[in-house]
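Here are my notes on the model, as numbered points. Please read them with the structure open.

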Amino acid sequence: MASHPPSHCCTVGFQHEGEPTGTSFQLGKWEAYLATPDPVKAHPRTAILYVPDVLGVWANSKLIADHFAAKGYLCLIIDVLNGDPLKLNSFMGLDLTDWLNYGSDGKNPHTPEHVDPIMLAAIEYLKTQKGVEKIGAVGYCFGARYVARHFRSGISVGYFAHPSFVQEEELAAISGPLSIAASDIDDIFTAERRHRSEEILRELGQPWEIKLYGGVEHGFAARGDMSKKTERLAKERSFEQAVAWFDDWLL
């Protein structure tokens, strides 16, 4: 495994300030959010598919999508959790393995067999409804696995932030450039798993990078404490990392 499974740290964090400015809508039977750039700044025929962590489509993910739009990228968030996200700081008493395998009600699994069709629907929407020809994808925590899995489905360029649950064979199957933002305090994407990921990416021959952010924990790129300078700067710079990567390899 290129990163360990999700754990309690995947729900811990802070809600960020700000009002989302995009549009919430139903994409088929799934909740979605679309952040649209100013036409003057928009990068034509390109988009970012945002694959969220276990908190799903919520305030922080919407604000990050808006930031991508401000940089010229149409950005779509899709509810890969099928209406069953976890709540911020709600891990106590939850069996995460059961939630992943069966969902909160026992009938809504969050496994590849159930998440992959949602990813395919999102990619199809961008291509057929929005005229997108090149798709970049960002995967935060849980979402990283599905970015890796869907290079085969039309993702051209990828970015992970503190990935979880990515299998070695999934990472080894990517077919385009990949950037990873990692924290040095992480029980999921550990130093061992990070170094193994480097070995896999080196063997692939695709453009890649891994940037390590010191003094921050798993979740820093999406749920960090903005009152702490180290966490705020790590979040901001990891976002800039993603934008620079897409500017270099997607446009």
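Predicted model: local features only at pLDDT ≥ 70, side-chain atom pairs only at ≥ 80, totals over all residues.

1. Helix α6 itself covers residues 191-204, which is 14 residues.

2. The buried residues of α6 are R193, R194, S197, E198, I200 and L201. They lie on the same side of α6, because the arc they cover around the axis is only 170°. Their packing partners are α5 (168-172), β7 (178-185) and β8 (208-217).

3. What does the face of α6 turned away from the buried side carry? The exposed residues there are E192, R202 and E203.

4. T230 belongs to helix α8. Its relative accessible area is 46%, which falls between the 20% and 50% cut-offs, so T230 counts as partly exposed. Beyond its neighbours within four places in sequence, T230 is in contact with G214, G215 and V216. For V216, the separation from T230 is 14 residues in sequence and 7.2 Å in space, C-alpha to C-alpha.

5. The second largest pocket holds about 240 Å³ of space. Two elements, α1 (59-70) and α8 (229-249), each give two or more residues to its lining. Among the lining residues are H16, E17, D66, H67, K235, E236 and F239. By class, the lining of this pocket has five charged, four nonpolar and two polar residues.

Technical notes:
Residues numbered from 1 in each chain as written. Heavy atoms only, no water. 1 Å grid on protein atoms, 1.4 Å probe; cavity = no way out; pocket = protein on both sides within 12 Å on 5 of 7 lines; lining within 4 Å. Points joined across faces, edges and corners; volume = space filled by probe spheres on them. Helix = DSSP H or I, 4+ residues; strand = E, 2+ residues; numbered from the N terminus. Nonpolar A, V, L, I, M, F, W, Y, C, P; charged D, E, K, R; others polar. Buried < 20%, exposed > 50% of the residue type's maximum accessible area, 1.4 Å probe, protein only. Contact = heavy atoms within 4.5 Å. Expected span 1.5 Å × (residues − 1). Arc of directions from axis to C-beta.
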